[in-house]
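Open the model in your viewer and keep the selection tool handy. We will go from stop to stop, and at each one you will learn what to pick and what is there.

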Amino acid sequence: MNARDVILARVRAATEGAPPVEIPRDYRGPAPASQTASPELAELVADRIRHYKADVHVVDEAGVAAVVAEALAGRGAGRFVVPEGFPREWLPPEGFEWVGDEPELTASDLDAVDGIVTTCAVAVAETGTIVLDAGPGQGRRALTLVPDFHLCVVRPEQVVAGVPDAVARLDPARPLTWISGPSATSDIELNRVEGVHGPRTLVVVLVR
Amino acid sequence: MTSTFLGMPGTVSMMGYSGKEGFPDNAAKAVRNSQLRFNLRKATGTIRERRASVVAELPDWQGLRQAGKAIKDHTLRDLDAYLVQLEEAVTEAGGHVHWARDAAEANRIVTGLVKATGETQVVKVKSMATQEIGLNEALHDAGITAYETDLAELIVQLGDDWPSHILVPAIHRNRSEIREIFVRHMAEWGRPAPETLTDDPAALAEAARLHLRERFLSTKVAISGANFMIAETGTLVVLESEGNGRMCLTLPETLISVVGIEKLLPTWRDLEVFLQLLPRSSTGERMNPYTSMWTGATEGQEFHLVLLDNGRTDVLADKVGRQALRCIRCSACLNVCPVYERAGGHAYGSVYPGPIGAILTPQLRGMGTELDRSLPFASSLCGACYEVCPVAIDIPTVLVELRARARHGVAERAGMAAAGWVFKRSGRLARAQRMGGRMRRLVPKRLPGPLGGWTDTRDVPAIPKESFRDWWTRTDGGNR
């Protein structure tokens with residue numbers, strides 16, 4: 001017998017006669033669609049993301065470009081990656097060089113840029129998490145990983161209450177990255193220290 | 001089953017402990033190290049508080065916990081069907097699935113896959129499964145260098161040390177010790193530490209970032225574990241903090257994930273439970289900084305999944321002990337354990353220390369050595385581990401069960417046989433009690449010979465002058 005058959009046979013022998021197990025789901029599941037996009041959620045998500053020492057800005061749609069300009073200027077007016085599908089109206093009209101991922105940037109290219117701006121797929125209020133699914137405006141996973149600066153714009157309808165809401169909205173066939181604050185470690189005396197291998201600065205722009 | 005290898009075989013000495021010595025000897029040595037005790041007390045104290053506060057925040061924690069327990073039990077019962085389903089889904093998504101009965105087979109598979117790429121260097125994300133099978137050593141023997149990229153694993157690897165905690169393998173080291181290790185050993189493995197390195201945690205993290213940066217950008221093969229695998233979709237999930245996981249999972253051309261067969265969850269939806277249970281229980285955060293999920297070959301990557309048994313099916317066959325397979329490696333039980341807090345992780349002589357290790361190691365590895373026989377006794381049975389466990393593993397019950405199976409000492413067996421004989425007839429008990437009462441002043445505080453093992457940790461109870469029955473008969477129930 002090959003390893004596969006041996007392991008499966010061992011499993012069958014080990015579980016023979018075990019009773020079936022029902023799964024109780026006595027916890028808060030996804031909220032009805034009508035309850036999303038409330039002002040309370042917007043406040044909660046801002047608060048929770050800030051808790052991770054990310055910079056959070058809450059603005060009207062018309063003010064996005066100005067906030068983006070300000071945040072990028074803080075990094076020195078430089079070169080920033082803009083993935084395919086990122087709304088042009090959210091970019092400041094001048095003062096920066098925008099880099100596309102076509103043809104694909106190498107890891108070294110990414111290491112040399114000053115940062116990246118993206119959209120996201122979902123934001124989770126209760127945990128202060130943004131989720132990227134490589135969709136329009138987000139690009140490949142490496143784009144938000146190698147540069148030291150990541151700015152993410154979140155639209156109000158993308159904010160959900162909790163983890164179950166996010167899981168229900170996401171498509172597992174896509175590569176997913178859940179981001180909760182800048183890169184950090186708890187490995188030194190169990191204190192959270194921001195800034196290891198991922199972007200050390202995370203800016204989240206929440207559109208009202 | 002006794003041949004199952006958990007990274008630290010009894011014959012290999014580590015940190016001055018040898019597997020021939022039992023947990024009590026290891027622990028006795030560890031508690032004499034006051035620096036270790038100080039580091040552990042500080043770290044476990046911090047994390048206990050953090051966990052308690054983020055768990056208290058969720059009104060439905062107990063509901064999530066019960067769901068987590070049931071999902072795992074449900075999966076384990078039908079593990080064969082779910083494994084086959086997973087294999088189909090991963091293959092469908094362009095991945096390759098391999099099966100490994102034991103550590104040697106898993107190491108052979110991984111070594112072969114790396115060799116096929118022609119590479120001699122791999123980067124690794126922290127993974128309990130690959131530590132368990134001693135993969136780094138196997139790769140080394142095949143001429144392949146494995147670079148650990150998790151900060152704590154890096155500290156352990158640079159310091160030629162052993163991990164002492166599931167989540168924070170270098171928990172036994174404080175910041176100045178870490179600085180010392182970086183300054184002395186980083187140059188041996190690549191980019192040296194900055195000359196002006198201080199023991200500020202942010203500076204230490206920065207040093208690790210610089211040390212590994214070039215390696216991440218250039219290495220072509222990565223090896224990971226996984227926190228969860230979804231049978232329904234073939235998705236693998238890795239939770240991490242630093243971004244080293246994302247680096248390994250995303251940048252290299254080939255990704256090899258070695259995952260224990262018990263890490264399976266049936267459906268995508270089940271993640272809604274575990275993505276709440278795990279971060280809050282392990283680092284005490286609402287969510288860990290980064291979680292990666294991928295299905296099969298992603299963004300042009302070559303993907304191999306190695307499914308590992310290595311003793312797990314033996315544990316599964318045990319009706320009481322199988323609940324240990326629910327474990328999601330959060331390490332909350334270590335952080336609350338009064339024994340772990342004092343003895344530290346090395347005393348357990350396994351990559352799985354603490355309360356969960358005390359039940360998992362002897363089940364996976366068997367009870368063939370003095371160390372493995374002693375592990376079920378490495379507990380005061382206070383039950384704190386059960387209370388914090390996010391999947392409600394009843395660790396005290398399994399400990400007691402394993403204790404009953406451990407071979408007991410000659411003196412203990414003789415004592416129990418004698419007690420059994422005395423208790424069998426009430427006349428014998430009465431005569432023994434009267435004799436005890438008359439000789440009570442002659443019984444020493446510490447018993448002699450082999451019985452001394454019992455009084456090493458306990459006082460001999462005071463023997464009363466007469467038994468209750470004798471008193472009742474003599475006084476007619478207190479009336480005379």
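Start by selecting Val123(B): its bridge partner in strand 4 of chain B is Ala222(B). Two strands are said to pair if DSSP finds at least two bridges between them. Strands here are DSSP runs of E with at least two residues, helices are runs of H or I with at least four, and both are numbered from the N terminus.

Stay with Val123(B) and look for Tyr147(B), which stands opposite it in strand 3 of chain B. Here strand 2 (residues 121–124) and strand 3 (residues 145–148) of chain B run parallel, with four bridges between them.

A word on what you are viewing: this is a predicted model, in which local features need pLDDT of at least 70, side-chain atom pairs count only at pLDDT 80 or more, and totals for chains, interfaces and linings use all residues. Residues are numbered from 1 along each chain as its sequence is written, while chains are lettered from A and ligands numbered from 1 in the order in which they are written.

Next, select residues 176–179 of chain A and residues 290–295 of chain B. These are strand 9 of chain A and strand 9 of chain B, antiparallel and joined by four bridges. Within this pair, Trp178(A) faces Thr291(B).

Which sheet do they belong to? Eight strands make an open sheet with mixed pairing, in the order 8(A)-5(A)-6(A)-9(A)-9(B)-6(B)-5(B)-8(B). Its edges are strand 8 (159–160) of chain A and strand 8 (264–265) of chain B, each pairing on one side only. On the chain A side, strand 5 (residues 122–124) and strand 6 (residues 129–132) are antiparallel, with three bridges; pick Ala123(A) and you will find Ile130(A) opposite.

Colour the contact between the chains now: it takes 74 residues from chain B and 59 residues from chain A, counting residues whose C-beta atoms, placed from the backbone, lie within 7 Å.

For the last stop, select helix 20 (residues 410–424) of chain B. Its 15 residues reach 21 Å from first C-alpha to last, close to the 21 Å expected at 1.5 Å a residue, where the expected span is 1.5 Å times one less than the number of residues.

Terms used
Contact = placed C-beta atoms within 7 Å.
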